[in-house]
Amino acid sequence: MVVGITGASGSIYAKRLIEVLVKEGIQTNVVATEKGKQVFKYELSIDLDTWINELNINYKNVKLEDNNNLFSGVASGSNKYDAVIILPCSMGTLAEISHGLSKNLLCRAADVALKEGRKLVIVPRETPLNTIHLENMHRLSTMGVAIIPAMPGFYHHPSSIDEIVDFLVGKILDYLNINNELFKKWEDTKYEI
Ligand SMILES: Cc1cc2nc3c(=O)[nH]c(=O)nc-3n(C[C@H](O)[C@H](O)[C@H](O)COP(=O)(O)O)c2cc1C
């Protein structure tokens, strides 16, 4: 899997997804934009490079890519990763991907997923959305991209931020056909009204 992190709010989602993928034993290559690293540090008080390096001590299946390195394996369709998940996805990166700009590794990986017919998951985060944002999402959606907004539900009665985060990450894993119990499915969680 390739996990892209941009400078939209919601770094906590990326951190949780990476943790789950790595612990599942799935090779996870992380590509973060410069703004993505800054917002990650701002929101979580964690340096992304340091955190990935620490994770790598126990789990050898995680790698932080250099977003400027278009020579990375991730930049090529011959590297057979299953999916690219961009979370949180800024409106800027969304626009770049929807218009085929591949000027950095993250956008190139998304472009590769599109041209190779692999899964591309975009987790946009912005509110309110303007017409440009909506048109860019629509454009990608028509190409089969999964738009899974950072839009948690509350019908499972979350009692912590972690549960809210797990709800969204669980939805992404479900889409990728990765078994998980991050959130209770509807039939198991229905409450009496
Ligand atoms: C704390 C913080 C939160 C931000 N949240 C969002 C957001 O939720 N959505 C968004 O599209 N941009 C957000 N931005 C703006 C982006 O970081 C900015 O547009 C940046 O250029 C995106 O670059 P990137 O796509 O290369 O990461 C935020 C910026 C900061 C500093």
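This passage walks through the fold of the protein chain and then a handful of its residues.

The structure is a predicted model, in which local features need pLDDT of at least 70 and side-chain atom pairs count only at pLDDT 80 or more, while totals for chains, interfaces and linings use all residues. Residues are numbered from 1 along each chain as its sequence is written, and side-chain values use heavy atoms, with hydrogens and water left out.

Starting with the overall build, the protein chain has 8 helices and 6 strands. Helices here are DSSP runs of H or I with at least four residues, strands are runs of E with at least two, and the numbering goes from the N terminus. Going along the sequence, these elements come in the pattern β-α-β-α-α-β-β-α-α-β-α-β-α-α. The radius of gyration of the protein chain is 16 Å, close to the 16 Å given by the globule rule for 193 residues, so the chain is as compact as a globular protein of that length. That radius is taken over C-alpha atoms, and the rule is 2.2 Å times the number of residues to the power 0.38. Along the principal axes, the C-alpha atoms fill a box of roughly 55 × 45 × 30 Å.

As for what is tucked away, 48% of the 193 residues are buried. Buried means under 20% relative accessible area, exposed means over 50%, and partly exposed is in between (1.4 Å probe, protein chains only). The accessible surface of the chain comes to about 10,100 Å², and carbon and sulfur atoms account for 51% of that. These areas come from the Shrake-Rupley method with a 1.4 Å probe, and for residues only the protein chains shown count as cover.

The 6 strands form an open sheet in the order 3-2-1-4-5-6, with parallel pairing. Its edges are strand 3 (62-65) and strand 6 (146-147), each of which pairs on one side only. Two strands pair if DSSP finds at least two bridges between them. Strands of a sheet pair through backbone hydrogen bonds, either parallel or antiparallel.

Strand 1 (residues 2-5) has a partner in strand 4 (residues 83-89), running parallel to it and joined by 3 bridges.

One joins Leu-87 and Pro-88, with omega about -15°, and Pro-88 sits in strand 4. Another runs from Thr-127 to Pro-128, with omega near -10°. Pro-128 lies in the loop between strand 5 (119-124) and helix 6. Pro-128 also turns up among the contacts of His-133, which touches Met-91, Leu-94 and Glu-126 as well, leaving aside neighbours within four places in sequence. His-133 belongs to helix 6 (residues 131-141) and counts as buried, at 12% relative accessibility.

Positive phi values show up in loops too. Ser-45, which is not a glycine, has phi near 55°. Ser-45 is in the loop between helix 2 (34-44) and helix 3 (48-58), and is exposed, with a relative accessible area of 64%. His-157, again not a glycine, has a positive phi of about 55°. The loop that holds His-157 lies between strand 6 and helix 7 (161-175), and at 45% relative accessibility His-157 counts as partly exposed.

Finally, there is Leu-173 in helix 7. Leu-173 is buried, with a relative accessible area of 0%. Not counting residues up to four places away in sequence, Leu-173 touches Leu-17, Val-20, Leu-21, Ile-178, Asn-180 and Leu-182. Leu-173 and Ser-159 are 14 residues apart in sequence, and their C-alpha atoms are 21 Å apart in space.

Key: Contact means heavy atoms within 4.5 Å.
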